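Open the model in your viewer and keep the selection panel at hand. The stops below go from one selection to the next.

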Amino acid sequence: MPTALNPIEEEEEELISLVLNMVSSFWRGVVGLGLFALAHAAFSAAQHRSYMRLTEKENETLPIDIVLQTLLAFVLAIYGIVHISGEFKDMDASSELKNKTFDTLRNHPSFYMFSHRGRVLFCSPNREVSTIPNAQALPNPLQLRKLEHLH
Amino acid sequence: GHYCLDINVLIIVFTEMRDKLRKWREDNHRNSEQIVDVGEELINEHASKLGDDIWIIYEQVMIAALDCSRDDLAWTCLQELKKQFPGSQRVKRLAGMRLEALEKYEDASKQYDSILQDDPTNTAARKRKISILKAQGKSAEAIRELNEYLEQFVGDQEAWHELSELYINEHDYGKAAFCLEELMMTNPHNHLYCEQYAEVKYTQGGLENLELSRKYFAQALKLNNGNMRALFGLYMSASHIAASPKVNATVKKANVKYAAWATNQINRAYQVTKTNQLPVEELLLRSS
């Protein structure tokens, strides 16, 4: 449950949210600009082609500024996307696993059991826990009372 | 000035916490105490910045809280998820897991049965029912149910690995090896499956199994030459083969050579880390 923050903390939180949003929006803006410039260059090229056809000068190559705009827009879009997407992965399938250990490989989240020592070890001292986990424990009034509010 | 620096630090701290939680989630770490620590702080103090990530974090923290006997925190997370996703199967499963943690296996089983009634193909609920059997110590039944599950869902690697573990606990090494073979087939680049298979074969014993285990220890090393356990395994299996009375002279000689090579590699690894003052345990636990 989010606890009530005092005014100073709230202000900090808002500023942090704002900065984080700005950073991701900036790179999204860069990608958007790059894609728009790319589309614009394509449109210009199409227009130039039809102009060439009309004036029957079909052997003239694309003007240098359209070519430059295409290349720059491409680079801009790629640079922006790299900043938006997550981290890169290694191509070699086995190298990714070099640091993997059985610590994590043996964990099967779908099959996690909770009948382990943690139930007792992490128990706070004023709580009582049944010491016979799998057998039918006699209803402990203290335990029942503590569990009541959780139903 | 000074205030700007604080904001930067706070941003870094927040993003680090969130990214750590994601890493633990994706890599299946079960460091529940840490997850509860970090997750609780994120939920209580940085909820607004998390956006939609908060729901998956609630799930992650809830499961970790069940591990740490933090039933209060688990209840809170569950309530938030129930509010946001009423009638969701995934949340129902979490409610069932909470009942399991409280050892109310009958109620949990009913919960999963109701999920399966609505959606008979729901794999998560079936796997939880198998976990209940495990928790109650009914390993034979659990194995039977898991086998049935795998007949239907042959591609579920987690389930294959779970089954191999159940067989190992029952000392049925032949069947455990079969499960690991399935995993090796679908993950040929994973050195850990090779290594575990080799260990199972080594445990089974007998000359044929020892030779097979040596080969798979070698394969694990080929995939990851930093796997210390595979190196020790190679040494042990080669030495045992060489010491066996049933082998001829050439095989014996070859295995002595393999064992010597392994010894050499192990010594070199110790030399390198001796200067780093790593304790022996850490060395043995690396890649294990």
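Begin with chain A and chain B together: about 5,200 Å² is buried between them, 57% of it on carbon and sulfur atoms. Buried area here is the accessible area, taken with a 1.4 Å probe, that two parts lose on being put together, summed over both. This is a predicted model, in which local features need pLDDT of at least 70 and side-chain atom pairs count only at pLDDT 80 or more, while totals for chains, interfaces and linings use all residues. Residues are numbered from 1 along each chain as its sequence is written, chains are lettered from A and ligands numbered from 1 in the order in which they are written, and side-chain values use heavy atoms, with hydrogens and water left out.

Next, select the residues in contact (heavy atoms within 4.5 Å). Chain A brings 43 residues to the contact and chain B brings 59 residues.

Now show side chains at A:Arg119 and B:Asp71, which form a salt bridge with the closest N and O atoms 3.3 Å apart. The term stands for a side-chain nitrogen of Lys or Arg within 4 Å of a carboxyl oxygen of Asp or Glu. Between chain A and chain B the count is one salt bridge. Polar contacts are pairs of N or O atoms within 3.5 Å; within protein, one must be able to donate a hydrogen and the other to accept it, and residues adjacent in sequence count only if both atoms are side-chain atoms. Across this interface, 16 residue pairs are in polar contact, both residues at pLDDT 80 or more.

Which helices of chain A each supply at least two residues of the side that touches chain B? They are H1 (7-54), H3 (93-96), H4 (102-105) and H5 (118-121). Helices (H or I, at least four residues) and strands (E, at least two) are DSSP runs, numbered from the N terminus. H1(A) gives the most to that side, with eight residues.

Stay on chain A and select residues 26-46, then 66-86; UniProt (unreviewed entry) annotates both as "transmembrane region". UniProt annotations may be inferred rather than shown by experiment; positions follow the numbering used here and feature names are shortened. Residues 26-46 of chain A are 100% helix, with end C-alpha atoms 30 Å apart. Residues 66-86 of chain A are 90% helix, and their end C-alpha atoms lie 32 Å apart.

Finish on chain B, which has 16 helices and zero strands. Its C-alpha atoms fill a box of roughly 75 × 60 × 30 Å along the principal axes.
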